[in-house]
Amino acid sequence: MKTPRKLHIKSYGCQMNVYDAQRMVDTLAREGFVETARAEDADLVILNTCHIREKASEKVYSELGRMRLAKEEAARDGREMRIAVAGCVAQAEGEEIIHRAPAVDIVVGPQSYHHLPQLLARAERDGKAIETEFPTEDKFTFLAEPKPAAIRARGVSAFVTVQEGCDKFCTFCVVPYTRGAEVSRPVEKIVDDVKRLADNGVRELTLIGQNVNAYHGEGPDGRSWALGKLLHRLADVPGIARLRYSTSHPRDVDDSLISAHRDLPAVMPFVHLPVQSGSDRILAAMNRKHTVREYHDAIERFRKARQDIAFSSDFIVGFPGESKQDFAATLALVTQIGYAAAYSFKYSPRPGTPAAEMQETVSAADMDERLVRLQELIDSQQSAFNRAAIGTTVDVLFERAARNPGQIVGRTAYLQPAHVMASPDIIGEILPVKIKSLERYSLLGELASPEFSRGTAPAASSVSIGA
Ligand code: 5AD
Ligand code: SF4
């Protein structure tokens, strides 16, 4: 038998990159590759990159510096290592990557990674291979299915891409250029993927897409289905107990999504709904296509459908032209909504986007100060939200053995990590937990039904769950 070739893959950025990396692993497994955790041992190293902000984008070049040394070391041992750059930096920079980092052999964009086997063969033959076109075919039909053992190793919570790309063109954002136009996968293909996952132990799904609630895939009836209808269909798949989706745009919150939250207990009451700014002037300059009032209205509709719903969001501080008053309006919005969690970023000009041409830049000092103030406010809301769980009994989906021996960790409906002392048998189960205390961002508790707490032996396996 041929010895398997070794693949090392490292993903940066969003959940979709985590998902894409898994699909690359599945597809290259069909070519005889097995994964290795050590880049130095690999025959093929793939960096699956993120271009969303400059910091993320530059990370890849420092990593490529390290990979070049590993490649030289391998060559001294008489082994050939190939380096591929995939993801959104590959899409945005293309051939330029090879000029800056000549050790790179393959550059492949997010819409063409199903061609990795052919690109690898081309690199072996010609030295280099680059593909950053948006092919007309659907990459999903060419990607290998994950093997049952791979699904089980990835754990009880899985991502599934249902939609890709974005047509919104927010003026700061590279996504419409790197991921391309908005495309939705057909319902039946998603259902097939989900059944396979559920048959192999997956209990929780996160449907992912850059603008997931713009989903409009073809249904089995030949009609276009909205995300809410897709959620109704997936809630019927045996074994699937929890449904989530990310990332949503406030403009695309429709009645079908609201009714999915109202009617389906499996749809988790935790919604990531980025707003970016609390100022109408800045929202207009960002081309967000909604006002602060409309954002509040969307939040209200969710709250009416499900009283226990909580929200997270994304914010950008220091967008060109953001005045003190605009920033104060962002703080006011956060105070009014009250988030369970949120991400905030300093504005980063991205080449090729309209905002990168805007002149009224905010000083670095002002950006730093605003970021700290916003993060303090968000942190205080998040701590209050987490503290409110103490003394209550909440459902937890158990995912894996924790680092502390004897502890099993899972997540609440609101994605809070929750630890209990219990047997590893509870992995994959959703059980009520009485929350006793909070340690930083983690809840500590006890199983409400003690028959499950019997074993205390540390579990040997630890499955890694995505971001
Ligand atoms: N600068 C800073 N943050 C950005 N984001 C997207 N583009 C930029 C940028 N140019 C943030 C937005 C988005 C999240 C994924 O990243 O908040 O919702
Ligand atoms: Fe980027 Fe989201 Fe705006 Fe689309 S909706 S352009 S992905 S920030």
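**Ligand shells, a barrel and a buried asparagine**

Biologist: How far is an oxygen atom of ligand 1 from an N or O atom in the side chain of Arg53?

Modeller: This is a predicted model, in which local features need pLDDT of at least 70, side-chain atom pairs count only at pLDDT 80 or more, totals for chains, interfaces and linings use all residues, and side-chain values use heavy atoms, without hydrogens and water. Residues are numbered from 1 along each chain as its sequence is written, while chains are lettered from A and ligands numbered from 1 in the order in which they are written. A polar contact is a pair of N or O atoms within 3.5 Å; within protein, one must be able to donate a hydrogen and the other to accept it, and residues adjacent in sequence count only if both atoms are side-chain atoms. For the Arg53 side chain and the ligand 1 oxygen, the distance is 2.8 Å.

Biologist: Which residue of E18 is the bridge partner of Phe398?

Modeller: Strands are DSSP runs of at least two residues, numbered from the N terminus, and two of them pair if DSSP finds at least two bridges between them. A closed barrel of five strands with mixed pairing runs E17-E18-E19-E21-E20. Within it, E17 (residues 393–401) and E18 (residues 407–411) pair in the antiparallel sense over four bridges. In E18, Phe398 has as its bridge partner Gly410.

Biologist: Is Asn213 buried or exposed?

Modeller: Asn213 sits in the loop between strand E10 (204–208) and strand E11 (216–218). Its side chain reaches the backbone nitrogen of His249 at 2.8 Å, and a polar atom of that side chain lies 3.0 Å from the backbone oxygen of Asp252. Buried means under 20% relative accessible area, with a 1.4 Å probe and protein chains only. Because its relative accessibility is 6%, Asn213 counts as buried.

Technical notes
Buried means under 20% relative accessible area, exposed over 50%, partly exposed in between (1.4 Å probe, protein chains only).
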